[in-house]
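The stops below are meant to be taken in order.

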Amino acid sequence: MWQDWLLELLKGFGKLFLNPVFYLSFLLAAYLGVARVKKERRNFTVRAQNAYFELKQLLPMGIIVGLCVSVLSIGLVLVVPMEFIIFTGIITIVFALIGKTRMLSPVYSVGLGIVVSSVSLYLGWDYLLFSKSNLNSSEYIFPTAVILLGFFIISEGIFVRKNGVKGTSPRLKKSRRGQAIGVHLLERAWILPVFLFIPSGVLSIPFEWWPMFTVGNQTYSLLLVPFLIGSKIEVQGEHPIIAIRNVGRNIIILGSIIIVGGAAAYFYPLASIGLIVVAILGREWITSKQKNKEKNRSFYFSRKNNGVVILGIVPDSPADKMELEIGEMISKVNSIPVQDKNQLYKALQKNSAHCKLEVFDANGEIRFVQRALYEGDHHELGLLLIPDEKVHGNEAV
């Protein structure tokens, strides 16, 4: 018996590489990285992170979170039909190809996948890998898929809260008054590989506990399915780390609500469709709440009268080595007060071999940092700042 389980796990793992979503995920991450670098170079002449940054974020955390979801999926015996996996994959591919990163949130891709697969089974579609022969009229709705949806939503929240705050992209835009302001954009994708039970196979489940939900026959196989999860958040009214973490927390809360509802839907399967609607509306509410909060606040990254706000930092630059952080404000350079990029640059020239900065952190507390400058240091300090006049053609300091 255990040999069958081991063999099915290996076979299920191998089928991961037959799934087009797996390869599309790498192409999307590469595209997001290249597009980000082009935009940053257009704004600052240099990029904040290299073009491979998004690719590096694609898998590591996804493997850890996916392992946890797989353990829960197997332990709770969450069985889903093959139609769910195929339709979710098709919807994911469509959203990725048209560049709708925000729609790669599982509330849309997975939620719509559940709805379409239920409709396909109800209408009796029978083609390609689909077969209605394993199902009867009472098995068109899948509470287990809704519970999985809750796990995926929580996974998105974890990705956003833990990984999304790393390497957000600084951008420049104009306010309604025509002034240059800074924003930070999170646009990223993650692969979430999860082992799922599907009907038909050699495995018989030795457990009898809830919420085992049988679909068709009583034998199953395990399949490692790559789910592509994406998120897009723009922040301009508060520190990007604070804003993105708050969004991630709200997404986790939404996922928890869907899981509880999915447990109840086990007894009332039709409630599953209502829960999908709740998930979509809840995710839209989270997005709207964040945008409305942005509108009601002054711009976080804008020109100040008492210093220069750091919009971005070039990795491995002197500013990075001095542990300067995004959102901090430089009030003095070499004991000279500065109010804009031009003044900061002139103050640096007072002592080209050494710089001493007076910095206010995000909490308004002052600190002093200093460092020797060497001829090989690129872009002077490596700071990305709000331009004095023009939005485009700005240079890093």
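**Before selecting anything**

This is a predicted model, in which local features need pLDDT of at least 70 and side-chain atom pairs count only at pLDDT 80 or more, while totals for chains, interfaces and linings use all residues. Residues are numbered from 1 along each chain as its sequence is written, and side-chain values use heavy atoms, with hydrogens and water left out.

**Whole chain**

Colour by secondary structure: the protein has 11 helices and 9 strands. These elements are DSSP runs numbered from the N terminus, with helices being H or I of at least four residues and strands being E of at least two. Of the 397 residues, 52% count as buried; buried means under 20% relative accessible area, exposed over 50%, and partly exposed in between, with a 1.4 Å probe and protein chains only. Among contacts with a separation of 6 or more, 74% are between residues 24 or more positions apart, where contact means heavy atoms within 4.5 Å.

**Helix 2 and helix 5**

Select residues 20-44 for helix 2 and residues 82-97 for helix 5. Their axes are 10 Å apart and the packing angle is about 20 degrees, which makes helix 2 roughly parallel to helix 5. Axes are lines fitted to C-alpha atoms, for helices over the stretch in contact, and angles run from 0 to 180 degrees between N-to-C directions. Angles under 35 degrees count as roughly parallel, over 145 as roughly antiparallel, 65 to 115 as roughly perpendicular and the rest as oblique.

The crossing of helix 2 and helix 5 is left-handed. A crossing has that hand if the near helix is turned anticlockwise from the far one by less than a right angle, and is right-handed if clockwise. Now show side chains: Pro 20, Val 21, Leu 24 and Leu 28 of helix 2 meet Gly 89, Thr 92, Ile 93, Ala 96 and Leu 97 of helix 5. By class, this contact of helix 2 with helix 5 has 7 nonpolar, 2 polar and no charged residues. Ala, Val, Leu, Ile, Met, Phe, Trp, Tyr, Cys and Pro count as nonpolar, Asp, Glu, Lys and Arg as charged, and the others, Gly among them, as polar.

**Helices 7, 8 and 9**

Next select helix 7 (residues 143-163) and helix 8 (residues 240-265). The axes of helix 7 and helix 8 lie 7 Å apart at an angle of about 170 degrees, so the two are roughly antiparallel. Their crossing is left-handed, and the contact of helix 7 with helix 8 comprises 17 nonpolar, 7 polar and 4 charged residues.

The contact of helix 8 with helix 9 divides into 10 nonpolar, 7 polar and 3 charged residues.

**Aromatic rings**

How many aromatic pairs does the structure hold? There are 8. Rings of Phe, Tyr and Trp (its six-membered ring) pair if their centres lie within 6.5 Å; planes under 30 degrees apart count as stacked, over 60 as edge-to-face and the rest as tilted.

Select Phe 152 and Phe 227: the ring centres are 4.5 Å apart and the planes are at 40 degrees, so the pair is tilted. Phe 152 is in helix 7 and Phe 227 in strand 3 (residues 219-235), so the pair ties together parts 75 residues apart in sequence. Both Phe 152 and Phe 227 are buried.

Move to Phe 159 and Trp 190, whose ring centres are 5.2 Å apart with planes at 20 degrees, so this pair is stacked. It links Phe 159 in helix 7 to Trp 190 in strand 2 (residues 180-204), 31 residues apart. Phe 159 and Trp 190 are buried.

Then select Phe 13, Phe 17, Phe 22, Tyr 23 and Phe 26, which form one aromatic cluster.

**Loop residues**

Asp 316 sits in the loop between strand 4 (308-313) and helix 10 (318-321). Its phi is near 65 degrees, a positive value in a residue other than glycine. Is Asp 316 buried or exposed? At 57% relative accessibility, Asp 316 counts as exposed.

Asn 334 is in the loop between strand 5 (329-333) and strand 6 (336-337). Asn 334 also has a positive phi, about 55 degrees, although it is not a glycine. Asn 334 is buried, with a relative accessible area of 17%.

Finish at Asn 296, in the loop between helix 9 and strand 4. Asn 296 is exposed at 68% relative accessibility. Draw a C-alpha to C-alpha distance from Asn 296 to Gly 237: the two are 8.0 Å apart in space and 59 residues apart in sequence.
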